[in-house]
Every structure is written in C-alpha cells, then in structure tokens.
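The entries below are in the order I looked things up.

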Amino acid sequence: MYTQAMDIPGGPKAVAPGSPEEAAFNARIARDEKIEPRDWMPEAYRKTLVRQISQHAHSEVVGMLPEGNWITRAPSLKRKAILMAKVQDEGGHGLYLYAAAETLGVSRDDLIDALHAGKAKYSSIFNYAALSWADMGAIGWLVDGAAIMNQIPLCRCSYGPYARAMIRICKEESFHQRQGFDIMLALCRGTPAQKQMAQDALDRWWWPVVQMFGPPDADSVHSGATMAWGIKRISNDDLRQKFIDATVPQAELLGLTIPDPHLKWNGERGHYDIGPIDWDEFWRAVGGDGPCSRERIATRVRAQEEGAWVREAALAHARKQAARARKAA
Ligand SMILES: [Fe+2]
Ligand SMILES: [Fe+2]
C-alpha cells in the first residue's frame with residue numbers, strides 16, 4: 001500500500017529552524033494539505049509520527065492476544081467465525097500501520113524489537129485479562145468503541161500514509177464495535193447468570209477503557225505539538241467525554257449499570273460528569289506493570305521466535321524467484 005515511498009534514502013534532510021522549508025511546511029499544515037513521505041518535514045514531526053504510529057501498530061498486534069485466547073472457547077460456530085475475522089482484522093491493522101511507519105525511514109524489525117525489549121509502549125488496555133466470554137462483548141463494545149473515537153479524527157491527520165491507513169481501519173473498527181455490542185445484547189437478553197456475566201465484564205473494563213484516552217489534557221506532554229501539526233485533532237479529555245456521552249445510553253439500552261456512582265447528566269454542560277479517574281493505575285499499566293503486561297510481551301516474543309522459519313522461508317523463496325527472473329531475462 002505504501003511501498004512507493006519506502007526507498008527514500010535516509011529520510012528528509014535536516015534544515016535550520018526558521019528555514020524556507022519549515023515555513024513552507026507550516027503553510028501546508030495551515031492549508032490542511034497532506035504531508036507525504038518524500039516531502040520535507042521537521043525532525044520532531046517525523047519522530048512524533050514514528051512514536052505514535054508505531055505505538056498504534058503495537059497496540060493492534062498486542063490487542064490480538066486477549067481475544068485470540070477466546071477463539072477456541074467461543075460459544076458457537078458463528079461467534080467463532082466472527083471472532084477469528086476480528087482478530088485477523090487487528091493483525092491487518094498492525095500491518096498497515098507498520099508499513100505507514102516505515103515510510104518515515106524506520107524499519108519494522110527495529111520497531112518490533114523495541115516492543116519486545118519493553119522499550120516501546122502500546123495501549124494500556126491490552127494489559128488486562130479477558131476472563132469470560134462476556135469480555136469479548138465488553139472489549140468489542142467498549143475498547144473498539146473507544147478506538148473509533150480516537151481514530152476517526154486520525155483519518156484527517158496531516159501525514160498522508162497514516163490518514164489513509166486509518167480510513168480502512170475505522171471501517172473495520174465500527175464492525176468490531178457492533179459485534180461486541182451484539183454479544184452484550186445476547187447476554188443481557190439471556191438468563192440472569194448471562195446478564196450478570198455482562199455486568200461483571202462492564203465492571204472490570206469500564207475504568208481501564210476510560211483511562212485508554214490517555215492522561216488529562218493538563219498533564220498530556222505530547223498534545224500541544226501534535227495538535228499544532230494536525231496529527232491529533234481532538235484532545236484526550238474531549239475524546240473521553242464524547243465516548244462517555246455516546247456509551248451511557250447504550251449501557252441503559254442493555255440494562256447494565258456503569259460502575260461509577262458519580263456518573264450524572266450535567267444539563268448545564270450538556271455532558272455526563274464522571275467520578276475521579278485512578279491515574280496511578282493507568283501509569284502502572286502503561287509502564288509495563290499491568291495485570292498481564294509481562295505475559296503479553298512474553299507471548300509476542302514467543303510468536304516472533306516461532307515464526308522465524310516462515311520469514312526465512314519466504315525470503316529464500318523470494319531470492320530464488322528473483323534469481324530465476326534474472327536468468328530468464
Ligand atoms: Fe484495530
Ligand atoms: Fe478493532
């Protein structure tokens with residue numbers, strides 16, 4: 001998808017701040033034009049994008065793990081087929097995003113090595129355990145629902161390859177959200193025990209999902225620059241509020257209770273107010289000390305090692321094909 005730009009030697013050249021190149025870049029951002037891989041860009045813009053796109057890619061592939069664990073235990077053939085398709089979609093999202101990151105002059109292997117060495121971050125949410133089938137519903141409904149809120153504005157991101165990758169990803173995420181809600185709906189219309197499973201999943205996932213939007217705007221170190229560059233369009237707190245406002249009526253429709261005694265409609269603001277967020281828990285989960293952090297990385301490392309022979313075989317095959325093509329020519 002983005003291979004046209006992967007051969008740029010050494011990435012964009014450095015220029016002094018305040019240079020004509022930088023002025024032209026800023027003017028393009030102000031006109032809401034897309035920046036493409038071959039265009040000049042400030043080094044800080046490139047680095048910010050590499051950090052954000054690679055964290056996003058890592059989140060997609062680590063996000064496959066909690067749900068991948070449930071494929072063999074799905075309650076019906078239909079649910080199994082849907083869950084398998086969803087987990088495959090997430091792998092595809094990782095692929096588009098690693099490819100988008102590579103247009104900025106980094107290698108996918110290096111990005112994956114950083115993830116496996118514990119140096120790269122990914123979404124805090126995937127460090128939580130999926131304990132019951134209802135968690136497949138809660139993850140789709142809430143985690144993919146939160147991802148959509150975050151990702152829709154990224155379709156208008158100033159960096160072309162990232163924005164284009166997000167368009168397809170968002171279409172698939174909206175299917176993920178609906179399949180999750182459908183699982184919740186089936187459970188809530190089922191036996192009292194099934195409804196209790198759904199409530200229990202909501203109780204465990206709600207706060208980690210609210211935290212997923214990232215630290216409050218006042219403490220968000222990267223927000224200012226990413227907003228100015230048109231990478232991020234809506235702040236963490238505003239996205240969180242949009243998500244809460246959209247999700248509360250859905251929980252009411254399911255007949256479930258959101259585990260926040262302070263949750264209340266505020267007519268003056270036209271939004272829901274919520275209780276205090278436990279930011280210590282968020283920082284622990286982001287920093288590699290979440291309930292499943294070590295297990296997730298260990299699983300990723302094992303998958304990488306066990307898949308080495310496939311990558312080697314594919315490369316050997318490609319070399320053989322190229323040699324044959326040369327000989328024929
Ligand atoms: Fe995804
Ligand atoms: Fe998804």
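Which residue bridges the iron ion (ligand 1) and the iron ion (ligand 2)? I found that glutamate 90 does, and that the two ions lie 3.4 Å apart. I note that this is a predicted model.

Next I listed the donors of the iron ion (ligand 1). They are Glu60 (OE), Glu90 (OE), His93 (ND1) and Glu173 (OE), at 2.0 to 2.2 Å. I wrote their spacing in sequence as E-x29-E-x2-H-x79-E.

I then checked the angles at the iron ion (ligand 1). The 4 donor atoms subtend 87 to 141 degrees, so the arrangement is irregular.

I went back to glutamate 60 itself. Helix α2, where I located glutamate 60, covers residues 43–62. Both glutamate 60 and glutamate 173 are buried.

I looked for a salt bridge to glutamate 60 and found none. Lysine 86 is the nearest side chain of opposite charge, and it is 7.7 Å away. The cut-off for a salt bridge is 4 Å.

I did find a polar contact of 3.2 Å between the side chains of glutamate 60 and histidine 93.

Last, I took down the contacts of glutamate 60, leaving out residues up to four places away in sequence. It touches Glu90, His93, Gly94, Leu97, Gln151, Ile169 and Glu173.

Conventions
Residues are numbered from 1 along each chain as its sequence is written. Chains are lettered from A and ligands numbered from 1 in the order in which they are written. This is a predicted model: local features need pLDDT of at least 70, side-chain atom pairs count only at pLDDT 80 or more; totals for chains, interfaces and linings use all residues. Side-chain values use heavy atoms; hydrogens and water are left out. Helices (H or I, at least four residues) and strands (E, at least two) are DSSP runs, numbered from the N terminus. Buried means under 20% relative accessible area, exposed over 50%, partly exposed in between (1.4 Å probe, protein chains only). Lys and Arg count as positive and Asp and Glu as negative; His and the chain ends are not counted. A polar contact is a pair of N or O atoms within 3.5 Å; within protein, one must be able to donate a hydrogen and the other to accept it, and residues adjacent in sequence count only if both atoms are side-chain atoms. Contact means heavy atoms within 4.5 Å. Donors are N, O and S atoms within 2.8 Å of the metal (3.2 Å for Na, K and Ca); water is not among the atoms, so sites may look incomplete. Four donors count as tetrahedral if all angles lie between 85 and 135 degrees; four count as square planar and six as octahedral if opposite donors are over 155 degrees apart and all others between 65 and 115; anything else is irregular.
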